[in-house]
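Here is a friendly walk through a two-part assembly, written for someone who likes cut-offs spelled out. Have a look at the sequence and the model first, and then read on.

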Amino acid sequence: MSYGRASSDEVLEPGIVLALANKMGLSISPEEAETLTALLMNHLAAVDSFDAFDLQDVVPTPIFRLEASDD
Amino acid sequence: MTELTDLSLSEASDMLGAGEVSSLELVEANLRAIEKTEPVVQAYAKILADEARAAAKRADAEIAAGDRRGPLHGIPIGIKDNIYTEGIVTESGSQVMTGFLPDYDATCVANLKQAGAVLIGKLRCHEFALGSNEPPTRSPWNLDCYPGGSSIGSGAAVTSRSSFGALGTDTGGSIRVPSSINNLVGMKASFGRVSIYGVVPVAWSLDNVGPMTRKVRDNALLLAGMAGYEPKDPTSAKQPVPDFCAELEAGVAGARIGVERDYFFYDGLQEEIRASVEAVIAEYQRLGAEIIEISLPELEITQDALFTIVLAECSTYHRKLIRQHSEKYDPSTRAIVQLGELIPATHYLAAQQARSLYRTAINKAFSEQRLDAMLWPTMPIATAPLDQLYALRADGYPETPVSSMCHHTFNANLAGLPALSVPCGINSEGLPFGFQLTGRAFDEATVYRIAYAYEREHDWHLCKAEAIEDL
């Protein structure tokens, strides 16, 4: 079973996710691989939404200590 | 005669200070409420009856000796079960942590104990503040409905009058969502205002601990009792803790409040909530505040950015645990944790870029428009039936209730700014909801002042949950 992205013909096979996850030491069943594949496809589509903005020169700065001057 | 549990935290505190009630009487009143409501609400992971009685007796003796430490001395408080409590089982709603006994208190708990607060119990949460909640905690407003999470027991306990206040944690809205659903005041303070040392992490760069109470003043008192710099916590901010109540009654004349409409007043906002929040805005104008319409198109990427960051950071925390105890995770939690490992590092960093973009944009709006706060609904819906959380919304809007619930809250975690949910209405189904005030970094005092100006004109906070009244 494959999961297609709504906006393209790209597909991701659950078997690939299963093999990758198991290689990484994650214990997942073929059924869980299908769920993970669907979730991963949703994530990939979500990240595409960032392209609506120009992030080219934005430096990623996770907050690990907020300062009052941030305002 | 008024039931002691009908007192708000600050009212109970005033009576304690005046010698009109004892800490032990407050604890016993909470324990009676627990006995009455817990069989159906199921807010507590562990009830600390003996410990609370002993702590209350100590508090009463100290207060009688003229050694009252402050407004929280002798006040019973509930603690979310993902927050470490020394010698008290802390399981974070997960079989992975069954029987775990921390050997130290989280800094926020240590601060509360230092202030003399009494721990009444540990409050249930979704597994690791991420996944399942089984058996479900039920809303005191409607037992068939979802009471909001992940601080699910915190909201239900304060609403059930079985605690005068509670600590929740908030990575994407988990204090403000249950506060809105339960007619409570809930604060996600500035990132680093309250140390997360000793809190089971969801995502280090987004996690907050904060207070959930019935009234604004209660909330300000509880935040002051738990906040403060913790050198052992690299996210903790070196900021003095002010008296958040000092300017509480100063009003809003001349205050500048920003309102963004494209994102927060979208088509998914239910009409009753839209009308009530518009009435809140009009009320602030009547009280002398200036409403400034603002534009923040970057809000559109806040949900995806936060989800991506949460997935990557939470999976990093669970990397060893998921390999050792995979079978102990609920399948829904396990899927989230495993998914995070499959996300490329480039996506995590792209999400952090999106976060930077949004932080810059909202901080620019605050400074350029000289805003004191921004205002929008806490959630676009009130809540949903427990069995409908993952179905499409019953009103036909093409979102699930779970997705709608966090639509308005993620942005404050990304920006690190303080955000407060304040009750502002009850819909035609008898379910409450709130509005949200977001402030400048470390300016919680202004947020509280603006919130209190509304609260003192209304009595939403006095409305009681009907579903538990007849128990």
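## A salt bridge to start with

The side chains of R217(B) and E249(B) meet in a salt bridge, 2.8 Å from N to O; the term stands for a side-chain nitrogen of Lys or Arg within 4 Å of a carboxyl oxygen of Asp or Glu. R217(B) sits in helix α7 (residues 216–226) of chain B and E249(B) in the loop between α7 and β7 (256–260), so the pair ties together parts that are 32 residues apart in sequence. Helices (H or I, at least four residues) and strands (E, at least two) are DSSP runs, numbered from the N terminus. R217(B) has 25% relative accessibility and counts as partly exposed; buried means under 20% relative accessible area, exposed over 50%, and partly exposed in between (1.4 Å probe, protein chains only).

## How to read the numbers

This is a predicted model, in which local features need pLDDT of at least 70 and side-chain atom pairs count only at pLDDT 80 or more, while totals for chains, interfaces and linings use all residues. Residues are numbered from 1 along each chain as its sequence is written, chains are lettered from A and ligands numbered from 1 in the order in which they are written, and side-chain values use heavy atoms, with hydrogens and water left out.

## Other charged pairs

Over all chains, the rule gives 23 salt bridges. One of them pairs D170(B) with R176(B), whose closest N and O atoms are 2.9 Å apart. D170(B) is buried at 0% relative accessibility, and R176(B) is buried with a relative accessible area of 0%.

Salt bridges can also link up: D6(B), R161(B), K464(B) and E469(B) are joined in a network of them. As background, side chains of opposite charge can pair when their charged atoms come close.

## Where the chains meet

How many residues of chain A are in contact with chain B? The count is 34 residues of chain A, in contact with 46 residues of chain B, with contact meaning heavy atoms within 4.5 Å. The two chains bury about 3500 Å² between them, 64% of it on carbon and sulfur atoms; buried area is the accessible area (1.4 Å probe) that two parts lose on being put together, summed over both.

Eight residue pairs, both at pLDDT 80 or more, are in polar contact between chain A and chain B. A polar contact is a pair of N or O atoms within 3.5 Å; within protein, one must be able to donate a hydrogen and the other to accept it, and residues adjacent in sequence count only if both atoms are side-chain atoms. On the side of chain A that touches chain B, α1 (14–23) and α2 (30–48) each supply at least two residues. The largest share, eight residues, comes from α2(A). By class, this side of chain A has 22 nonpolar, six polar and six charged residues. Here Ala, Val, Leu, Ile, Met, Phe, Trp, Tyr, Cys and Pro count as nonpolar, Asp, Glu, Lys and Arg as charged, and the others, Gly among them, as polar.

## The bridge across the interface

The rule finds one salt bridge across the interface of chain A and chain B. R334(B) forms a salt bridge with E32(A), the closest N and O atoms being 2.7 Å apart. R334(B) lies in helix α11 of chain B and E32(A) in helix α2 of chain A, so the pair joins two chains. R334(B) counts as buried, at 12% relative accessibility.

Helix α11 (residues 331–341) of chain B is mostly covered, with eight of its eleven residues buried. Among them are T333(B), V337(B) and L339(B). The buried residues of α11(B) pack against α2 of chain A together with α9 and α10 (319–324) of chain B.

## Two buried helix residues

T302(B) lies in helix α9 (residues 302–317) of chain B and is buried at 1% relative accessibility. A polar atom of its side chain lies 2.7 Å from the backbone oxygen of L299(B). Not counting residues up to four places away in sequence, T302(B) touches Y263(B), Y358(B), F410(B), N411(B) and L414(B).

F366(B) is found in helix α12 (residues 345–368) of chain B and is buried, with a relative accessible area of 1%. Leaving aside neighbours within four places in sequence, the contacts of F366(B) include L371(B), M374(B), L417(B) and R440(B).
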